[in-house]
Amino acid sequence: VTGRRARKVEGAVFFPKPENAVTVAVSSRVLFRTEREQKVFEQKGVEEYLRYQIEHENEPFAPGPAFAFVKALETVNSRLRELYPQSEELFDIVLVTYNHAHVGIRLINTINHHSKRHKDEQGFEHFLL
């Protein structure tokens, strides 16, 4: 969801995959700090874990150990876009998670919290962490 030219498709956002980009898959557990939530899961079980996530879905996760790395990749993409507007992105960053959908809502809220958004001259939105 980051640093990509987006277009709306049936109420969703679609990001075309760059053909020649290096795909970097990043786990949500290293992109954001989720230790507290993991502790709830381990000590109280899945039901309490899901309840906790729903109760805290508007509280963003703090940046995790891979956050600065992803920001650096996005900076490279952004700078290349400035220098070569017609070029594709060098890095295609994919967030990977095995969490329940309720955690997905919190992840989306967290990404939105940490993102900078702007529209380019063609009306495409760009998302950067």
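Which residue forms a salt bridge with glutamate 37? Arginine 106 does, with the closest N and O atoms 2.9 Å apart. A salt bridge here is a side-chain nitrogen of Lys or Arg within 4 Å of a carboxyl oxygen of Asp or Glu. This is a predicted model, in which local features need pLDDT of at least 70 and side-chain atom pairs count only at pLDDT 80 or more, while totals for chains, interfaces and linings use all residues. Residues are numbered from 1 along each chain as its sequence is written, and side-chain values use heavy atoms, with hydrogens and water left out.

**Overall layout**

- The protein has 4 helices and 6 strands. Helices (H or I, at least four residues) and strands (E, at least two) are DSSP runs, numbered from the N terminus.
- Along the sequence the pattern reads β-β-β-α-α-α-β-α-β-β.
- The protein has 129 residues, and 36% of them count as buried. Buried means under 20% relative accessible area, exposed over 50%, and partly exposed in between (1.4 Å probe, protein chains only).
- The accessible surface is about 8300 Å², and 55% of that belongs to carbon and sulfur atoms. Areas come from the Shrake-Rupley method with a 1.4 Å probe; for residues, only the protein chains shown count as cover.
- Take the contacts between residues at least 6 apart in sequence: 70% join residues at least 24 apart. Contact means heavy atoms within 4.5 Å.

**Aromatic rings**

- The structure holds 3 aromatic pairs. Rings of Phe, Tyr and Trp (its six-membered ring) pair if their centres lie within 6.5 Å; planes under 30 degrees apart count as stacked, over 60 as edge-to-face and the rest as tilted.
- Phenylalanine 32 and phenylalanine 67 have ring centres 6.2 Å apart and planes at 50°, so this pair is tilted.
- Phenylalanine 32 lies in the loop between helix H1 (28-31) and helix H2 (35-55), and phenylalanine 67 lies in helix H3 (residues 67-83), so the pair ties together parts 35 residues apart in sequence.
- Phenylalanine 32 is buried at 0% relative accessibility. Phenylalanine 67 is buried at 10%.
- Phenylalanine 41 and tyrosine 49 have ring centres 5.4 Å apart and planes at 75°, so this pair is edge-to-face.
- Phenylalanine 41 is partly exposed at 36% relative accessibility, whereas tyrosine 49 is buried at 8%.
- Phe32, Phe61 and Phe67 form one aromatic cluster.

- Arginine 106 is buried at 2% relative accessibility, and glutamate 37 is buried at 3%.
- The charged end of arginine 106 also sits over the ring of phenylalanine 61, 4.1 Å from its centre. A charge sits over a ring if NZ of Lys or CZ of Arg is within 6 Å of the ring centre and within 35 degrees of the ring normal.
- Threonine 34, in the loop between H1 and H2, is buried at 15% relative accessible area. Leaving aside neighbours within four places in sequence, threonine 34 contacts Arg29 and Phe61.

**Other salt bridges**

- The structure holds 4 salt bridges.
- Arginine 33 and glutamate 35 meet in one of them (2.9 Å, N to O). Arginine 33 is partly exposed at 40%, and glutamate 35 is partly exposed at 45%.
- Glutamate 48 and arginine 51 form another (3.1 Å, N to O). Both lie in helix H2, 3 residues apart, about one turn of the helix.
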